[in-house]
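Colleague: I'm new to reading protein models. Could you walk me through this one?

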Amino acid sequence: MHQPQCGFRQIGQGRSAVVYLDKPADGRAVVHKVFETSGAAKLVHYVLSGAPNPYGWNPHAIGAAVARREILSVLVPFWFHGKLRLPQLHGAGWNDARRSNELRIEFIDGTHVPLRSQNSASRHDPIDDLTGNIMRPLRRHLIESGFDGLVWQAGLGNPVAGGNFMIENGTGRHRKWVWVDLESGVPALFPINPLTLIGFYLPRSVHHGRPLFDDVDIPKLRRYLAGNHDTIEASLGAESATALQRSVAELDMHQAAWKSMTRVERGIAYFQAMGRITEAESQWYREH
């Protein structure tokens, strides 16, 4: 359990989490992504699954989030040759003060993509760079490697997905992009274009046997890594290739344990995590 030391303040909020900045005594700034949901997003999860966003209370859901980030922190730089990366993950765990799971992540010194104006420079427009050179090819790579649910966070039918990326401080052609938010706030069933729902999200939901929510097709991912093993190893080294296999095994275990829960099991586990029922009461409800 992590207890921030000083300088702990809220710097952002989305559908899946509240983001806090922690500046401890050692001076290394860390972002705490605390999974707190409310309003419509919470209602959607209740209706579809019987409990709020599982990242907040389910240890296997947060374990899957960690494993996905570990895998993509290797694959994304491999795909983009350094133009896009993930922030370094410093850990995950239970936040006692907020009674929720959290991720502890590197603080990015940068900004979200600025709004386009009539004076925007056409040659180096960051919006065009993000949508054309980052998000579109990222979606292609994610689909190819089995990260079906992550396509939502990369912008397929998601009108606010640009906020999931930041541009590190820098100018011109050498600007670096960071994919900061990989965890969805709601299942990918509400794209802005109904054709995207019919053409991609519904078929993939049927394939996974549930509403698509950050799901990874593990067999497809393993086939992708096997088919690209030599290239990945030559580019990143044997150690990174081996670490990928370990992270895939972790993701497989956590995702299976999380996604296999019944609606009743989710409700019971959520109320126990929130301290509203005891272990003995949880067991009674499971048996009856």
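Here is a short chat about the predicted model shown above.

Colleague: Okay, big picture: how many helices and strands are in the protein, and what is its radius of gyration?

Modeller: There are nine helices and nine strands in the protein. For 288 residues the globule rule gives 19 Å, and the protein comes close to that, so it is as compact as a globular protein of that length. The radius of gyration itself is 19 Å.

Colleague: What share of the 288 residues count as buried?

Modeller: A residue counts as buried when its relative accessible area is under 20%. Going by that cut-off, the buried share of the 288 residues is 47%.

Colleague: Let's zoom in on Leu142. Is Leu142 buried or exposed?

Modeller: You'll find Leu142 in helix H3, which covers residues 126-145. Not counting residues up to four places away in sequence, Leu142 touches several others, including Leu72, Phe147 and Trp179. Its relative accessible area is 0%, and the cut-off is under 20%, so Leu142 is buried.

Colleague: And Leu43, is that one buried or exposed?

Modeller: Leu43 sits in helix H1, residues 39-49. Together with Val47 and Leu48, Leu43 forms a nonpolar patch on the surface, with about 280 Å² of accessible area between the three. The relative accessible area of Leu43 is 54%, and the cut-off is over 50%, so Leu43 is exposed.

Colleague: Now the aromatic rings. How are the planes of Phe165 and Trp179 arranged, stacked or edge-to-face?

Modeller: The structure holds 12 aromatic pairs. In the pair of Phe165 and Trp179, the ring centres are 5.8 Å apart and the planes are at 10°. This pair links distant parts of the chain, with Phe165 in strand E8 and Trp179 in strand E9, 14 residues apart. Planes under 30 degrees apart count as stacked, so the pair of Phe165 and Trp179 is stacked.

Colleague: What about Tyr270 and Phe271, stacked or edge-to-face?

Modeller: Their ring centres are 5.3 Å apart, with the planes at 65°. The cut-off here is over 60 degrees, so the pair of Tyr270 and Phe271 is edge-to-face.

Methods: Residues numbered from 1 in each chain as written. Predicted model: local features only at pLDDT ≥ 70, side-chain atom pairs only at ≥ 80, totals over all residues. Heavy atoms only, no water. Patch = residues over 30% accessible without salt bridge, like charges linked within 9 Å, V, L, I, M, F, W, Y side chains within 5 Å. Areas by Shrake-Rupley, 256 points an atom, 1.4 Å probe, with all protein chains shown as cover. Salt bridge = Lys/Arg side-chain N within 4 Å of Asp/Glu carboxyl O. Helix = DSSP H or I, 4+ residues; strand = E, 2+ residues; numbered from the N terminus. Buried < 20%, exposed > 50% of the residue type's maximum accessible area, 1.4 Å probe, protein only. Contact = heavy atoms within 4.5 Å. Rg over C-alpha atoms; globule rule 2.2 N^0.38 Å. Phe/Tyr/Trp six-rings, centres within 6.5 Å; stacked < 30°, edge-to-face > 60°.
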